[in-house]
Amino acid sequence: MKRIQLFAAFIIILSAQTVRSQKVTQQEFPDADHISGIEKLFPLLDSMFVEYAKANHFPSISFGVVTGSQLLHSKYWGSINLEKNIPASALSDYHIASMTKSITALAILKLRDEKKLSLDDAISKYIPQARNLKLLTKDAPEITIRHLLTHNAGFPEDNPWGDRQLGRSDEWLENLYQNGISFSTATGTAYEYSNLGFATLGLIIKKVSGKTYQEYITENILKPLGMTSTYWDYNDVPTAQLAIGYRFVDDKWVAQPLLHSGSFGAMGGLITTIEDFSRYMSYQLSAWPPRDDKETGPVRRSSLREMQHGWNFAKLWQDDKDFMGRDCVTMDFYGYGLHQYLDCNGLKIITHSGGLPGFGSQWRILPDYDIGIVVFANRTYAPMGALLTAVIDTILKKANLQPRPASYSAILEKRKEQIIALLPGWNNAKTTGIFADNFFDDYFINSLRKESDEAFRKAGKINNVSEVVATNNLRGYFLMLGEHADIKIHFTLSPETNPKIQAFKMDVIPK
């Protein structure tokens with residue numbers, strides 16, 4: 001007992017020292033080999049994609065699995081050109097339609113980071129023809145760049161009208177604004193998917209940079225990422241690499257006219273390969289976790305995280321299930337050119353689909369797991385959501401992947417040790433200096449002692465104590481592993497320079 005008391009006294013003396021360092025400990029994945037479990041699933045994943053393509057009449061399907069900085073696996077099946085009998089391959093270039101949107105958004109953020117525009121600028125600052133727009137209501141605010149990025153401008157949902165405008169000129173788009181636009185909702189009040197909004201962002205890129213959006217994005221994003229097999233116009237793609245799009249009509253495939261990439265190409269004109277797009281996915285994954293490392297990409301990591309964040313609520317998927325098959329509601333938010341799905345378990349998926357006459361595609365990344373999936377097909381509006389949900393569920397379940405633990409500061413671990421030193425008696429707790437000034441007004445010492453005595457009685461001998469499992473830099477929990485039960489202790493620190501314990505909770509977990 002004396003030895004325990006001496007240890008407790010030592011810990012409490014240490015607590016008097018002010019901890020000013022906010023140095024963050026970066027956590028590694030708990031799996032010993034994070035990707036080995038996925039690699040074993042490649043034959044199963046291949047069969048899932050191919051069988052889905054056959055069942056849904058896709059002339060071809062190409063997909064890739066991305067983890068970290070690499071394309072871990074890819075599969076190519078079918079024909080990208082039925083007339084010339086060209087098989088799908090790693091060189092195959094597909095129209096990816098609205099998957100283009102996040103790359104256009106990224107270009108806007110690069111210009112913002114360079115202080116060449118503000119997301120809260122009115123679009124009329126760059127498009128004079130928009131100054132006289134008659135908004136839906138007199139009290140509606142001016143449309144800003146941010147409204148366009150988040151589908152919150154009040155423009156009507158414009159699929160499939162927008163798809164057919166792909167090759168329009170900038171002059172045509174400016175005249176559209178000059179002649180007036182019909183609104184479906186008041187600006188800033190609702191999510192409404194708008195291809196017109198992203199075409200407008202392409203025009204703003206041109207006005208600000210002095211280059212077409214194609215030139216600006218190619219020079220500032222595609223080339224730095226090594227996306228050398230990515231194009232804006234099908235005339236530039238080598239014939240043997242170009243996927244032709246088809247519609248399945250009356251039990252046969254009918255080739256669809258390819259569309260040039262004009263002003264509306266900023267919303268859906270990009271043509272690329274699985275390998276090239278995997279580089280972009282790896283770049284998006286590289287934003288996590290937040291850290292002190294040197295910036296290496298064409299746009300700051302913080303800007304990538306900003307565009308992935310769900311800024312505008314889009315939809316509630318009430319009939320969803322989680323990867324274990326349990327009922328699990330999913331919330332759908334829109335960031336900047338990207339959807340963020342967040343399910344009832346906290347699983348976060350960043351995604352966007354694409355659809356044009358002749359093509360369908362989708363990509364998803366799971367930042368907390370450092371993995372992503374991308375799939376292209378050359379059939380009109382090829383539906384990919386159910387397929388990718390099934391693939392991700394299969395990977396999470398069968399590979400038994402664990403998410404990257406949250407990073408945390410040294411002070412979190414230090415406060416854990418100081419809490420342990422006080423248990424179960426809470427002796428002299430008020431004099432330790434480790435508790436925030438609210439603590440003993442919200443938690444009563446006699447109640448804390450009673451709760452602790454009961455918990456330790458149920459747990460029996462404490463055999464070990466776990467490391468902190470961080471929720472964030474200043475909140476977490478740890479387990480005191482007992483003979484008969486475990487004690488789970490949650491705690492939250494205050495926002496002071498020397499963070500102190502402001503909240504505390506103790507649970508007994510039976511064996």
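The structure is a predicted model, in which local features need pLDDT of at least 70 and side-chain atom pairs count only at pLDDT 80 or more, while totals for chains, interfaces and linings use all residues. Residues are numbered from 1 along each chain as its sequence is written, and side-chain values use heavy atoms, with hydrogens and water left out.

Begin by selecting Trp-426, which sits in the loop between α13 and α14. This residue has a positive phi of about 55° although it is not a glycine, and with a relative accessible area of 1% Trp-426 is buried (buried means under 20% relative accessible area, exposed over 50%, and partly exposed in between, with a 1.4 Å probe and protein chains only). In the loop between α13 (410-422) and α14 (439-442) you will also find Pro-424, and the peptide bond that joins Leu-423 to Pro-424 is cis, with omega about 0°.

Next, select Asn-159 and Pro-160, where another peptide bond is cis, with omega near 5°; Pro-160 belongs to the loop between α5 (145-149) and α6. For a further backbone feature, go to Asn-400 in the loop between α12 (385-398) and β15 (408-409), where phi is positive, at about 50°, although the residue is not a glycine.

Now move to Thr-187, in the loop between α6 (170-179) and α7 (195-209), which counts as buried at 4% relative accessibility. A polar atom of the Thr-187 side chain lies 2.9 Å from the backbone oxygen of Ala-153. If neighbours within four places in sequence are set aside, the residues in contact with Thr-187 include Leu-135, Pro-141, His-147 and Asn-152, contact meaning heavy atoms within 4.5 Å.

Then display helix α4 (residues 101-113) together with helix α8 (residues 213-222), whose axes come within 10 Å and cross at roughly 80°. Axes here are lines fitted to C-alpha atoms, for helices over the stretch in contact, and angles run from 0 to 180 degrees between N-to-C directions. The two helices α4 and α8 are therefore roughly perpendicular to each other (angles under 35 degrees count as roughly parallel, over 145 as roughly antiparallel, 65 to 115 as roughly perpendicular and the rest as oblique). To see where they meet, select Ile-103, Thr-104, Leu-106, Ala-107, Lys-110 and Leu-111 in α4, and Tyr-216, Ile-217, Asn-220 and Ile-221 in α8.

The link of Cys-328 and Cys-344 is left-handed, with -125° about the S-S bond. Cys-328 lies in the loop between β9 (312-317) and β10 (330-334) and Cys-344 in the loop between β11 (339-343) and β12 (348-356), so the pair ties together parts that are 16 residues apart in sequence. Of the two, Cys-328 is buried, with a relative accessible area of 3%, whereas Cys-344 is partly exposed, at 47%.

Finish at Lys-84, in the loop between β3 (70-81) and β4 (86-87), which is exposed, with a relative accessible area of 55%. From there, select Thr-497 as well: Lys-84 and Thr-497 are 413 residues apart in sequence and 68 Å apart in space, C-alpha to C-alpha.

Terms used
Helices (H or I, at least four residues) and strands (E, at least two) are DSSP runs, numbered from the N terminus. A disulfide is a pair of cysteine sulfur atoms within 2.5 Å. A polar contact is a pair of N or O atoms within 3.5 Å; within protein, one must be able to donate a hydrogen and the other to accept it, and residues adjacent in sequence count only if both atoms are side-chain atoms.
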